Amino acid sequence: MAEKNSKSSEGVMKAAGILIVMNFLASILGYARQIVISSSFGFGIDSDAYYAAFTIPDLIYNVLVGGGLSSAFIPVFSSYLADNNEDEGFRMASTILNIVALVSGIASLIGLIFAPQLLPFIVNFSKGGQPFFDLTVRLTRIMFFQSFFMCLTGICMGILQSYKDFAPPSIGSVVYNLVIIVVGVVLLKLGMGITGFSIGVVVGAAVHLSIQLIFIKKRKFIYYRIIDLENTGVSKFFHLFWPMLLGISVSQINTVVNKYFGSGQGKSVLSAMQNAISIQQLPINMFGFSIALSVFPTMVEHFSQGEIGLYKKDFSMAVRNMVFITLPATFGLIAVRVPLVRALYLQGNFTNADVKILSTLLIFYCAGITAYCVRQVLLQGFYSIQITSIPVAINIIVLLLNIVFSFIFVNIMGANGLGLAYSLAGVSSMCMLAFMLRTKVGRLRGREILVSVSKIFIACVIMYVAIFLTRVLLEGALSFPIDKKIGQLTELVILIVAGIIVYLIAAVLLKMRELKTALALILKKLGRRK
């Protein structure tokens with residue numbers, strides 16, 4: 001039993017490692033894309049329209065595919081693989097693929113035609129005027145093609161992840177961002193402005209889909225031109241998916257509400273919010289989704305086999321490792337927020353005033369990083385035991401809370417209030433999900449988690465103080481040349497390295513189990529290579 005548990009834990013961490021590395025590269029390229037856009041257009045109508053144009057296409061993708069489809073698809077398709085009944089699984093997967101293609105195609109066509117009528121419901125154009133509206137409509141219509149490609153990509157990713165093949169989806173995300181940058185820059189040089197980046201989004205999505213199809217073909221997947229609603233697997237999929245669809249829809253409304261309030265705060269606010277959210281999303285995408293996704297198949301396996309103890313151990317391991325990585329990321333991002341924004345964005349049309357706006361927003365958005373990451377593990381905990389109604393109910397409550405928080409704090413703190421509302425909604429969601437999961441499966445090794453989190457928090461405080469003092473030393477006594485780009489980048493690297501070193505030393509002194517687990521896995525891999 002111990003050997004089995006060790007192998008499953010190692011498999012989870014190996015999968016998480018692959019996802020973390022590839023998601024890191026994808027996120028870096030995503031930031032590179034935003035830096036190019038920010039330096040080319042600043043915080044103005046062009047960038048505001050670009051980010052606003054993502055709203056409806058992203059809404060279609062996230063509602064139809066998003067995390068819910070994977071969470072409903074993987075357990076069903078994996079059961080066919082476990083029973084060596086691939087052909088029936090291929091028929092089930094083909095049916096889902098065909099349905100999603102049909103629905104997303106119709107939804108995209110409707111959005112393409114009625115974009116001018118739909119956009120005012122989700123974007124507040126009162127402060128931007130007619131030019132902002134016209135440009136947003138044009139870019140939205142272009143990006144609807146991206147929505148169709150990405151919906152198909154989502155199904156393909158679910159198929160590959162059922163085989164525990166996590167690399168192709170991550171590779172596709174890296175290439176997706178790279179293509180957007182290349183196409184956008186080329187078309188920008190040709191005089192197409194921000195429209196070129198919207199076209200780049202469509203091309204990138206098509207390439208992303210092509211990569212998934214190549215790897216699926218290597219798996220000898222057989223595609224059927226059928227929609228078999230009588231298929232047992234299809235029925236089971238929809239039984240799991242409908243509650244998730246409702247929950248995800250509520251979650252996406254949450255995002256739309258945030259953007260609507262932000263777009264009503266005046267020019268440049270929506271762009272600043274999008275940049276702040278993107279920085280906040282870096283650890284969430286790299287670690288939150290990666291660790292939660294990698295542990296999900298193992299949790300499903302252990303629970304289905306009646307090994308509830310191992311299921312809880314998987315859960316505890318995922319939460320502890322999540323906090324071990326994301327809590328210092330939260331403290332670190334807040335500590336280096338000004339040097340970070342200055343080093344990455346201060347160039348071209350991006351001004352010092354923009355640096356102040358964005359770095360302040362980061363404080364409030366980054367406060368919710370760990371909560372949103374742990375929330376992902378909690379959701380997988382529910383989906384592993386095939387309970388979807390509770391997350392839906394909690395999502396609805398959190399949506400209402402976010403609307404109330406946003407309305408209150410935006411009138412007190414402006415755009416910063418939206419960041420605070422967003423983070424408070426994440427913390428509320430995490431707490432409610434944890435309480436309800438405990439009522440369904442019993443104790444979740446809470447004492448073990450609490451001890452680890454306490455040690456991690458102490459290490460993070462020590463790290464924050466170290467970064468603060470290092471920055472004071474660099475900008476004060478050493479008079480670091482932060483007015484030059486090389487000085488800005490060097491300062492940022494020094495602060496990050498100092499923070500990591502201090503955190504690791506604190507982790508060693510506090511004897512954190514999570515650090516030992518990570519080091520043991522690294523040493524084992526090095527030993528094998530040797």
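Predicted model: local features only at pLDDT ≥ 70, side-chain atom pairs only at ≥ 80, totals over all residues.
**Aromatic pairs, core and helix packing**

The structure holds 15 aromatic pairs. One of them joins Phe-237 and Phe-238 in an edge-to-face arrangement, with 5.1 Å centre to centre and 75° between the planes. Phe-237 is buried, at a relative accessible area of 2%, and Phe-238 is buried as well, at 16%. A tilted pair is formed by Phe-405 and Phe-409, with ring centres 6.2 Å apart and 40° between the planes.

An α-helix has 3.6 residues a turn, so residues three or four places apart point the same way. Phe-405 has a relative accessibility of 19% and therefore counts as buried, the limit being under 20%. The value for Phe-409 is 19%, which likewise places Phe-409 among the buried residues.

Further residues of α15 are buried, including Ile-390, Pro-391, Val-392, Ile-394, Val-398, Leu-399 and Val-410. Asn-395, Asn-402 and Ser-406 in α15 are buried too. The 25 residues of α15 should span 36 Å at 1.5 Å a residue, and the end C-alpha atoms of the helix, 35 Å apart, agree with this expectation. Just after α15, Gly-414 adopts a positive phi of about 70°.

Aromatic residues also occur as a cluster, made up of Phe-73, Phe-77, Phe-90, Tyr-163 and Phe-221. Two placements of a charged group over a ring are described next. The charged end of Arg-91 sits over the ring of Tyr-224, at 4.9 Å from the ring centre. For Lys-218, the charged end sits over the ring of Phe-215, and the distance to the ring centre is 5.1 Å.

At the level of the whole protein, there are 19 helices and zero strands. Of the 530 residues, 57% are buried. Among contacts between residues at least 6 apart in sequence, 83% join residues at least 24 apart.

In soluble globular proteins, nonpolar side chains tend to be buried together. The largest nonpolar core here has 83 residues, of which Phe-315, Tyr-345, Tyr-365, Leu-437, Ile-456 and Tyr-503 touch the most other members. Helix α10 (residues 269-304) supplies the largest share of this core, 17 residues. With residues up to four places away in sequence set aside, Ile-456 touches Arg-320, Val-323, Phe-324, Leu-327, Pro-328, Tyr-503 and Met-512.

Helix α17 (residues 446-477) contains Thr-470. With a relative accessibility of 19%, Thr-470 counts as buried, because the limit is under 20%. A polar atom of the Thr-470 side chain lies 2.7 Å from the backbone oxygen of Ala-466. Beyond neighbours within four places in sequence, Thr-470 is in contact with Ile-494, Leu-495 and Ala-498.

Technical notes: Residues numbered from 1 in each chain as written. Heavy atoms only, no water. Helix = DSSP H or I, 4+ residues; strand = E, 2+ residues; numbered from the N terminus. Buried < 20%, exposed > 50% of the residue type's maximum accessible area, 1.4 Å probe, protein only. Polar contact = N/O pair within 3.5 Å; in protein donor to acceptor, adjacent residues only side chain to side chain. Contact = heavy atoms within 4.5 Å. Core = buried A, V, L, I, M, F, W, Y, C linked by side-chain atoms within 4.5 Å. Phe/Tyr/Trp six-rings, centres within 6.5 Å; stacked < 30°, edge-to-face > 60°. Lys NZ or Arg CZ within 6 Å of the ring centre and 35° of its normal. Expected span 1.5 Å × (residues − 1).
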